[in-house]
Structures are given as C-alpha cells and as structure tokens.
Amino acid sequence: MPKPAWLAVAYMAAAVVLSLSQGLGLNLINANITQIQGEISATSNEALWMVAAYMAPNVSLSLALVKIRTQYGLRNFAEISILGFVLACVLNLFIHDLSSAIVVRFMSGIAAAPMSSLGFLYMLEAFPPERKLTVGLSLALTNISLGAPLARIISPALFDMDGWRGLTMHELALAMIGFCLVYLLPLTPPPRAKVIERLDVLSYLLIAIGFGCLAVALVLGRAYWWLEAPWLGVLLAMAIVLVTAAVVIELNRSNPLVDVRWLASPAILHFAGALLLFRIVLSEQTTGASGLFQVLGLTNDQTVTLYVIILLASVAGGLTCAAIMKAGREPAIHLAALALIAVGAFMDSRSTNLTRPEQMFVSQAMIAFAGALFLPPAMFRGITSALQKGPNYILSFIIVFLTTQSIGGLLGSAVIGTFITIREKFHSNVLVEHLAMTDPIIAQRAAQLGMAYARTITDQAILRAEGLMLVGQQVTREANILAYNDAFLLMAIIAATAFVFLLIHIGWDAMRRHLAHPQATANL
C-alpha cells in the first residue's frame, strides 16, 4: 500500500541515519588515524590494524545476513542488528590501548554489517514498487557514499572537543537515534522461509575466513610491504585455499549458497569486472586526494570546504541519477560517469607543492558526481538480470555487488597506494642524482635552510648537515607529489580506456541488432 508523504519522508530519514551510522563508524577512524594512534600509543603501522580488524568480518557478513533475515524474519533481524550496533558503539568508549582497540573494532565490523542493509531497505520502503529500483535505488546508494566526505567534515570539530571520545560519542549518538527509528518504523515483513542448510554454515565460514584474510592483507600490505612480510603471503595463500574449498563444495550442491556456475558466466564476469574497475578508479578520490593533502602537510580542518563540495556533488549525482535512470539508459549514464572521472583525474595530475584544496574543487566535484552516477544503473541492471533468472539468483547477485564494493575498495586503495610508493622511489632516485654540493644553487639552498637553526646551533658542520637534511625532506616531498600525479594520470587513462571500450561495445551491440532485425531498426 502507498504510504502517506510524511511517513515516506520518515522512512527516508531513517535510511539516512542508518547509512550514516554505518559509514561514519569506519570513515571517522580512517580520517583521523594519525591522531588516534597517539591516543592509544601505537605506531602508524599498528594503528592500521584497527582498520584491518574492522574490515575482516565486515567484507563477508552480508552474505550470511541475506539468508538469516529470510529465515528468522526481517523485523527480528532489524531489532537485533540495531541493538548489537548500539552495544558495539558503547564498547568503543572503553578503548584505552591498541589491544582493546583491535578487539572492539573487530566487534564493530560485525555489528556494522547489517546497518548498510537496513539503510538500503528503509530507503526502498519509502517508495512504491515502480520506483523502488530507480529513485529508491539511487538514493539508497547515494546514502552509502556520504560517510567518507562527511567524516572529513565533522571530525575536526569532534576531535577538538574530546579527542577519540568525541568521535565515539558521535557514533553512539547516531546509533541511539537509529535504534529509536527502527523500533518506531517497522519494515514490511516478507514471508519467512527455511532456507539455511548445514552446508551453508560450512561454506560461509570458509568464505568468511578467506575474505577476512584477503581484507587484512590488502589493508596492511602497503604498510608492511608485500615482499618483506612473510605472513602477508600466508594470508593470501589461506584466502585462495579457503575460497577454493568453498567453491568446490558449492559446485557439488543441488541448492548452493552461491551459484558459482552463474557467477562464472561471461555476462556476470563482465559485470563484476566493470564494478571492480570502477572501485579502483574511484580510489583516486578516497586514497589519492587525501594522501596528497597529507604529503602537503594539510590537516582535516584545512580541507573541510573541499569535502563539503564533494558531499554536495555526491548528493547532486544521486538526485540526477534518480531523475534520469530508466531501463536502457545504463550505458549512456556510465559513459558520462567515466568521462567525468577521466577529466577530473587528469586535472588533478598537474598538482604541485603549491596545490591547495581550492585548486581541486572542480575536479573532485566531478569525480564525486560521477561516483554517485555510476553505481545505481549498474545495480539496476544486475538486479534485473538476476530476477529474470529467478529469485534464487538474487543472493548470488548481491554477493557479486557487495564483494566488488568492499573488496574492490580495499583493492583499489592497495593498488594505488603501492603504485604511489613505487613511483615515489623512482622519482626520489632521479631527483637525488641531480643533487650535489658542488652545484652553487644546491649549496645556497642548503645554507638558507640551515640558517633556520643558526641561533641554536653554532657548529658550522652540524648546521650544514641540518641544511642538507632539510633539502632531502623537500626532495622527498617533491617525489611524493610527482608519484601522486602519476597515480592520478593512471586513473585518468584507465577511465578513458574504459570509456572507449564501452563506446565500442555499445556500437557493436547496435550493429548486431541492426543486422539481426534490419526492418525493425529502420522503422525505429
């Protein structure tokens, strides 16, 4: 039955609160990892274990939740999930060192997994059936993308008020509001069905541990370096073995948890590859831009305006997609999104040590707009394809979509971060080759920098050494900036290449339709 306007707005507000609760829970940590590591007495590498602990269970839990809420009821699922999330937020208040932080963040990753599903379902609940997969889908996916920029916007004020506790209190407050909304606004319950089998539990455990090992390796690989830490190789090997074992089990089941044969079909592999490629390209904003500002010495409070623009551009992209999305328009929307990403990333690839957030307002807004524009048509097309095969394929599609988004996001950050590290070493070697104290310009520069310590250091040899050290720091900064420019240019090339291939694919499909039905095409 259609809902009154005020009730539909209430469900939409609940969807926003639940989505932000889940998004901010992770992104507030990522945005303030440098400050947090001081409060828990951890090194930068150790602090990353908090992110790894959160993502390890989070990347796979949605796979189990689909069948759990089908068997035990959506209402029970919603109430227990939000209660678990509130309790996990309360536990964050008792973090006092690295060990407790890792344990609590692991539990938070488990508790936060249902929140994205609830936010999604609450947004769809507000719309009639004919608009659920167009307007509702676009707005639901837009909500999920708002957590990252909003965390950068509000974290300076929260951290100034009460440090780590300020962040956790905000997360708890949102969870409590979501708790009230879930109990006040029940979702329409679908019919229950006994769908969980014994082998489902075994298959899920294998997939969960395998995906967890992969998530930990992707988060920590760049920090400990891929070829230097043997345990990274062990984690990746375990991930391959465990997921392969789950695939073997599923291939020999009459009613599998995951339809591996359908997932391995060319159409689904193409769909998954496109989503994965898109997540990697979007790392230009989530990892590249924020990392560049860190290299330039900018803090979160100096980038607030930029992330406000990114937030507004994401909302605008979601609203635009909701207004124009219809069946058959997906390729055109994807072309527009890829073009915006390619242009925006190319604009960023010309950064210098004088670049500030103001110079990236337009480019980052274009990328944020494109990010909100790309996902809804992709999911709409995937859901439509799954529904045509039958309701049992919905779970397999959800697995594809969530895996490419969660694992794809981690993979994108790992790939671009590793690329930046390699290119930084290359540029450092090239720049250092041209540094020699016999060059009068270099000698003068070192002397000028060393004079900053002239009042406290009287030994001229030590003063020259300090000047050389400062020159080395500037060389490292310039090498990092050049490496980020290379990464931005690489993302622009990937997006432009995907644009060309998609254009060729559209033209090929149109030509095949014309050859198959020439008269019908002529009449059109």
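Here is a short tour of this structure, stop by stop.

**Before you click**

You're looking at a predicted model, where local features need pLDDT of at least 70, side-chain atom pairs count only at pLDDT 80 or more, and totals for chains, interfaces and linings use all residues. Residues are numbered from 1 along each chain as its sequence is written, and side-chain values use heavy atoms, with hydrogens and water left out.

**Stop 1: colour by confidence**

Colour the chain by pLDDT, the predictor's confidence in each residue, from 0 to 100. The chain's average is 81, and 91% of the residues score at least 70. Now pick out two helices (DSSP runs of H or I, at least four residues, numbered from the N terminus). Helix α9 (residues 230-251) has the highest mean pLDDT of the chain's elements, 90, while helix α18 (residues 518-523) has the lowest, 53.

**Stop 2: the cavity**

Next, select Leu 24, Gly 25, Leu 28, Ile 29, Asn 92, Arg 105, Trp 164, Leu 167, Thr 168 and Glu 171, which line the largest cavity. A cavity here is a set of points on a 1 Å grid over the protein atoms alone where a 1.4 Å probe fits but cannot get out, and lining residues have an atom within 4 Å of a point. There is 1 cavity of 30 Å³ or more, and the space inside the largest is about 50 Å³; that volume is the space filled by probe spheres set on the points. Show α1 (5-31) and α7 (147-184) too: each gives the lining at least two residues.

**Stop 3: ring pairs**

Rings of Phe, Tyr and Trp (its six-membered ring) pair if their centres lie within 6.5 Å; planes under 30 degrees apart count as stacked, over 60 as edge-to-face and the rest as tilted. The whole structure has 6 aromatic pairs. Tyr 224 and Trp 231 are edge-to-face, because their planes sit at 70°, with ring centres 5.2 Å apart.

Then jump to Phe 278 and Phe 374, a stacked pair with 3.8 Å centre to centre and 10° between the planes. Phe 278 belongs to helix α11 (residues 266-295) and Phe 374 to helix α14 (residues 361-389), 96 residues apart. Both Phe 278 and Phe 374 are buried (buried means under 20% relative accessible area, exposed over 50%, partly exposed in between, with a 1.4 Å probe and protein chains only).

**Stop 4: Arg 464**

Finish on helix α17 (residues 460-516), where you'll find Arg 464. Is Arg 464 buried or exposed? Arg 464 is exposed, because its relative accessible area is 52%.

Notes:
On a 1 Å grid over the protein atoms alone, a cavity is a set of points where a 1.4 Å probe fits but cannot get out, and a pocket is an open set with protein on both sides within 12 Å along at least five of seven lines; lining residues have an atom within 4 Å of a point.
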